[in-house]
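Please open the structure in a viewer and keep the selection panel at hand.

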Amino acid sequence: MTDALRDRGHAAGWFLPATIVLALVSLVLAVFIGVVDIPPSDILATLAGHGSPEARSIIMDIRLPRIVTGILAGIHFAVAGLILQQITRNRLADPSIMGISQGATLAVALFLLLTVYIHDPGSNTLAELPLEWMPAIGMVGGLAAGGVIYALALHRDLGPLRITICGIAVGAVLHAPAISLIAGWGSARIEILLEWLSGSLYARSWKHAVFLLPFTIAGLAALPLLSRPLDLLRFEAPVARSFGLAYRRQFTLALVLSCCLAASAVGVVGPIIFVGLIVPHLARFMARRHHSLVLPLTIALGAIVVTLGDLTGRLLGQAEEIPIGVVTAICGVPVLIFLLRRTP
Amino acid sequence: MAFSCSRLSVAYGSRKALNDFNISLGAGEIRALIGPNGSGKSTALQALAGLIAPTEGMVEIDGKVIGSMSRRDIARHIAFLPQQPAAPDEMTVGQLVRQGRFAHVGLFKSYGPKDEEAIDWALESTGLADFTDRSLKELSGGERQRAWISAALAQEAQILLLDEPTSYLDIGYQIEVLDLVHRLSREKKVGIIMAIHDINQAMSVCDHITVLQQGTLAFDGDPAALAESGLIEQVFRVKGRFVQIAPHAPPHFDVELARWGQA
C-alpha cells in the first residue's frame with residue numbers, strides 16, 4: 001500500500017480509482033442500455049422504486065440480476081486466473097486452460113442429463129433446470145479436475161510447465177465426453193445447452209446471483225488470509241520453503257480456492273473463457289511494480305470485462321444475442337497477443 | 001546455537017548423492033563446502049536446510065531434529081539461498097526483502113516495528129537502502145545477489161546456507177559478497193556454510209573447509225591442514241602447489257596449467 005503512495009513518477013496510483021469509476025460507469029451503461037428502449041427517466045424512477053410496470057420488470061427482473069450475476073462470475077474467473085498464474089508461475093494459466101472449467105462442464109452436463117432428461121424429458125428451458133445445484137455440482141467437477149491435475153503434477157514435482165501440460169491434457173479428456181453427452185441430447189435442449197457451454201448470461205435471474213454470492217463472499221474472504229502465502233507461492237518451491245512456507249499445504253489451499261471460484265461460476269454461467277487469462281495480465285500491466293494493487297485491480301477489471309462484454313453481445317446481436325463467452329473470446333485474443341508480445 | 005548433521009545420506013532413486021555425511025557448525029563460524037561438480041555440495045546444503053528429506057541420518061539444531069520442525073520454525077533458524085534463485089517479474093528489492101519476514105509474522109498479523117527494523121537492517125547491511133523501489137530486473141548481478149542475501153538476512157536466522165553465492169559474478173562482486181559474509185559471521189555471529197568453487201577464496205575467508213568427493217566427506221579441517229593434506233590435487237585432478245604469499249595469510253593454491261607443462 002505504502003509503495004503505491006510513494007510512487008510519484010508512475011500512473012499506477014491512478015489506475016485503481018479510475019478502474020473503480022469505470023466499473024461503476026459500465027454498471028450504469030448496462031442498466032440503461034438494452035434491446036428494449038426504456039426512457040432514462042423511467043429507469044431512474046424504477047430504481048427509486050416507482051417506475052412503470054414494464055420498466056420494473058425489465059430492469060429489476062431481467063437486466064439487474066443478469067448484470068449482478070455477470071459481475072460475480074467475472075470476479076470469480078478473474079481471481080481464479082490470478083491465483084492459478086501466481087501459484088503455477090505460468091503466464092498462460094487460466095481455469096479453462098488448466099482443465100478446471102472442463103471438469104465443471106462435464107459434471108454439470110452429467111448432472112443435467114441425469115436429472116432433467118431422466119425425470120422430465122419434456123422440459124426444454126434452462127430456467128427450469130435445477131440451477132440451485134449447478135454451482136455446487138460445477139464445483140465438485142472443477143475440484144475433481146483440479147485434484148487430477150494436482151495428483152499428476154505432484155507425482156514428482158510441481159513444475160509450472162508440468163502442471164500446465166497436465167491441465168491441458170485433463171481438460172481435453174474431460175471436454176470430449178461433455179460435448180458428446182450434449183450432442184446426444186436431442187435437438188430441443190441442445191441449443192440452450194450449447195449457449196450455456198459457450199458462456200452465457202442469457203436469462204440469468206436473481207436466483208443465479210444469489211446462488212453465486214455465498215461462493216463469492218467466502219472466496220474473497222479467504223483471500224486476505226492467503227495473501228502472504230500467495231506472495232511466496234510466486235517463488236520457486238525451494239525458495240518459498242526456505243522463507244518458511246509450508247509449500248504443499250498452501251499450494252493446495254490456493255488451488256482449491258481457485259477451483260472453487262472458477263467451477264462455481266462455470267456452474268451458473270458456463271465457461272466464459274479468457275477472462276481468467278486476460279484480466280490478471282491487464283491488472284499486472286496497470287499495477288507495474290505495485291504488487292498490492294494487482295488483486296483489487298483484478299477484481300474490478302473482472303467485473304468490468306464481463307459487464308461490458310455482455311452489454312456488447314446484447315447490443316450487437318439484438319434479439320439473437322451473442323453469448324458473453326464468444327465476446328470475451330473474440331476480444332481476448334488480440335489483448336492476449338499484445339500482452340505476450342510485451343513479455344520477454 | 002548448535003547445528004550439526006550426523007550420518008546424513010541422500011539418495012535420488014538408486015544413486016547415492018550424499019553418503020554418511022557429518023559436520024557441525026558453531027556461532028560465527030564460516031565453513032566452505034568444496035568439491036568437484038556433482039560431488040553433492042548442493043544436495044548437502046539442501047538436506048541441511050531441510051529441503052530434501054534424508055534417506056538416513058538427521059540434521060539437528062539446538063538438539064531438535066529439523067525433520068520434525070515446521071517450515072516456519074526452521075526458517076527462523078536457517079536461511080538458505082539456492083544457486084541463482086529466480087524472483088517473480090516486477091518484484092522490487094524492498095518486496096523481496098520483506099518476504100524474509102514471512103516466518104516471523106503470524107498469518108493474521110501485519111508487520112510490526114520489529115519486522116520493519118529487521119528489514120531496514122538487512123537492507124543497510126547489504127548496502128541496498130537506496131535500492132528498495134528498484135526492480136530486481138534492473139539490478140546488476142552483484143546487486144541482485146546482495147538483494148537475495150538481504151532477504152535471507154531479514155529472516156534473522158542464526159544459520160545461513162549459501163549455494164555458490166559468488167558464481168556468475170565478476171571478481172569485484174565476488175569480493176563484495178565474501179566481505180559481507182565475513183562481516184555477518186564476525187559482527188552478528190551468524191554461522192555460515194557456503195558451497196564455493198574458488199579454493200583460494202574459500203581458504204581466505206573460511207574458518208573450516210569441508211571437501212566432498214562423490215557424496216562422501218573427504219576432508220574436514222582448517223585451511224592450513226587442507227594445504228598440507230595434498231588432497232586438492234587428488235580430488236580435483238589437477239597439478240599445483242600451495243604457496244605462502246603473505247606471512248599471516250592462508251596459503252594460496254597455485255594451479256599448474258597443462259599447457260605450461262608441455263612447453
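Select helix 9 and helix 11 of chain A: these two helices are roughly antiparallel to each other, a label that applies to angles over 145 degrees. Their axes come within 9 Å and cross at roughly 155°; axes are lines fitted to C-alpha atoms, for helices over the stretch in contact, and angles run from 0 to 180 degrees between N-to-C directions. Helix 9 of chain A spans residues 206-233, and helix 11 of chain A spans residues 247-269. Helices are DSSP runs of H or I with at least four residues, strands are runs of E with at least two, and both are numbered from the N terminus.

This is a predicted model, in which local features need pLDDT of at least 70 and side-chain atom pairs count only at pLDDT 80 or more, while totals for chains, interfaces and linings use all residues. Residues are numbered from 1 along each chain as its sequence is written, and chains are lettered from A and ligands numbered from 1 in the order in which they are written.

Helix 9 of chain A contributes residues including F211(A), F215(A), G219(A) and L226(A), and helix 11 of chain A contributes residues including F251(A), L257(A), C260(A) and V268(A); a contact requires C-beta atoms, placed from the backbone, within 7 Å. By class, this contact has 16 nonpolar, four polar and no charged residues. Here Ala, Val, Leu, Ile, Met, Phe, Trp, Tyr, Cys and Pro count as nonpolar, Asp, Glu, Lys and Arg as charged, and the others, Gly among them, as polar.

Now select the whole of chain A. Its secondary structure comprises 14 helices and zero strands. Of its 344 residues, 50% count as buried, that is, with 20 or more other C-beta atoms within 10 Å of their own.

Move to the boundary between the chains, where 20 residues of chain A meet 23 residues of chain B. On the side of chain A, helix 1 (2-6), helix 9 and helix 10 (237-242) each give two or more residues. That side has eight nonpolar, three polar and nine charged residues.

Finally, select chain B. Four strands form an open sheet in the order 2-1-4-5, with antiparallel pairing; strands pair if DSSP finds at least two bridges between them. The edge strands are strand 2 (15-25) and strand 5 (64-65) of chain B. In strand 5 of chain B, V65(B) is the bridge partner of E60(B).

How values were computed:
Parallel < 35°, antiparallel > 145°, perpendicular 65-115°, else oblique. Contact = placed C-beta atoms within 7 Å. Buried ≥ 20, exposed ≤ 12 C-beta atoms within 10 Å, placed from the backbone.
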